[in-house]
Structure formats: C-alpha cells, structure tokens
Amino acid sequence: LDGLGAGHFAGSAGGAGDAGAVALTSIGAVRSIGRDAIAAVGQSDAGTGRGGDVGIDLSANIIGDNENSIAIAAQSGGDAGAGNIGITTRAFVLGGSGSGKAIALSEGADNLVQNSGDVIARSLLAMTGTTGNDAVANTGRVIGNVRLNSGVNSFDNQAGSLFLTLSDVFLTDASAPGAGNTLSNSGLLNVGDNARLQDTSLLGNLAQAADGLCHAVALTGHVE
C-alpha cells in the first residue's frame, strides 16, 4: 500500500449532512508498504454536519514503519461537531520514521486510547492528538514522545505498565501550560532508558502514586 494507502480502512463521509458511526475490528496483522502510508484508519468526516463515533479494536500487530507513515489514524469531525474516538490495542504498534507516528488522533470529542500491547514509532513519536479531549489508559508499554495538544487530556500509566518518555510529554498545548491535564503513574515511568540520560519536558501535571515507580534524571513540569 503505497502513498496514502491504508491497510485496514473504515470510513463515513457526510458531505452536507452528518457522517455515520465507524467501527474497525481486526484480528489479523497489518503492515503498510511505502512512505506516507497508514496501516489502519477509522474516519468519520461530516463536512458541514457532525462526525460520528469511531471505534478501532485491534488484536494483532499493526505496522506502518516507513518514512512519514502512521500505524493507526483515527478522525471524527465536522462543522457541527465531532463524535467520540475509541482505540483499543493489544499487540505491537509500530509507526514510521520522519514525521511518522504510532497512533494519531485527529479531532474527536471525548477520545480514549486503551493499550495493553507495545506502542512505539521509528520517529520516537508514540501518540499525537489535536483538539479533542484525549485520555490514554496504558496497561502495556508506551515508548516515546506523546503530544496530545489542546483539550482536556490525560495519560494513566497503570499498575504493571511501562511508559518510557523521551524529550516531551505534552498533555496540553504550549499556549495553556499547567491547565490541569495529568500524567498519573501507578506503574513504571522511565525518563529515558538505561543507555542514555534524558530530559523530558512535561506540559501538564504528574500525579505519582505510592505504588508506582519513577526513574528520572530530569523531568520538568508540575508534580502533585
């Protein structure tokens, strides 16, 4: 699948009306071929209407590891509003190099990513969001930068999980730092890995649970 091709695609376009709900479920592995490709896409684009809910449920490996490629992309939007986006991943999710991403959320209203697998990209950009309220519930492993931008956003690193951060964790945008969006850690939060020292810039708050572990050299942000 070259160019803007998608390995698994589910979509609805509303044009002048509303777009419908979209559900994408896969139990088989998917790998996109070529630069700028997307391995799995769920989209409800309403044009002048309202976007519908988008659900993506993936139980096998999703790989979009070429230049500027995205493993999982989800979008809901329209001039009259957006639906909710839900993504569940249980296996290995690998995004591409360059501007590639493992998981890319676009718009949406109240969005939830539930990960019990491994999420990483060759670009080291694990997850991105735009204007929706984005919540991440991690019981697996997430490695890399997370940039959720505007909205009411959160990252819950639950017991038994790993979140290995690199240069930045942006739970809000730079124009509204400290807006209350929180990284909660009850698992293992590693700032960098054992091979290198790493400074991570956190836009948002850190809530460290008593039973969680935080291995940090430098983490700049607000700690609760």
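Here is a walk through the structure, from model confidence to strands, an aromatic pair and a glycine.

What you have is a predicted model, so local features need pLDDT of at least 70, side-chain atom pairs count only at pLDDT 80 or more, and totals for chains, interfaces and linings use all residues. Residues are numbered from 1 along each chain as its sequence is written, and side-chain values use heavy atoms, with hydrogens and water left out.

Confidence comes first. The mean pLDDT (the predictor's confidence in each residue, from 0 to 100) is 88 for the protein, and 85% of its residues reach 70 or more. Take care with residues 1-5, where the pLDDT is below 50. Even so, that stretch has 15 contacts in the model beyond near neighbours in sequence, a contact being heavy atoms within 4.5 Å.

Now the strands. Helices (H or I, at least four residues) and strands (E, at least two) are DSSP runs, numbered from the N terminus, and two strands pair if DSSP finds at least two bridges between them. Strands of a sheet pair through backbone hydrogen bonds, either parallel or antiparallel. At the β3 end, two bridges hold the parallel pairing with β6 (residues 62-63), and V30 has I62 as its bridge partner in β6.

Elsewhere, β11 runs parallel to β14 (residues 133-138), joined by six bridges, with Q114 opposite A137.

F155 brings us to the rings. Rings of Phe, Tyr and Trp (its six-membered ring) pair if their centres lie within 6.5 Å; planes under 30 degrees apart count as stacked, over 60 as edge-to-face and the rest as tilted. The structure holds one aromatic pair: F155 and F163 are stacked, at 4.2 Å centre to centre with 15° between the planes. Both F155 and F163 are buried, where buried means under 20% relative accessible area, exposed over 50% and partly exposed in between (1.4 Å probe, protein chains only).

Finally, look at G108, in the loop between β10 (101-107) and β11 (110-115). G108 counts as buried because its relative accessible area is 10%. Leaving aside neighbours within four places in sequence, G108 is in contact with S76, A82, G83, I85 and G132. G132 sits 24 residues away along the chain, yet the C-alpha atoms of G108 and G132 are separated by 5.0 Å.
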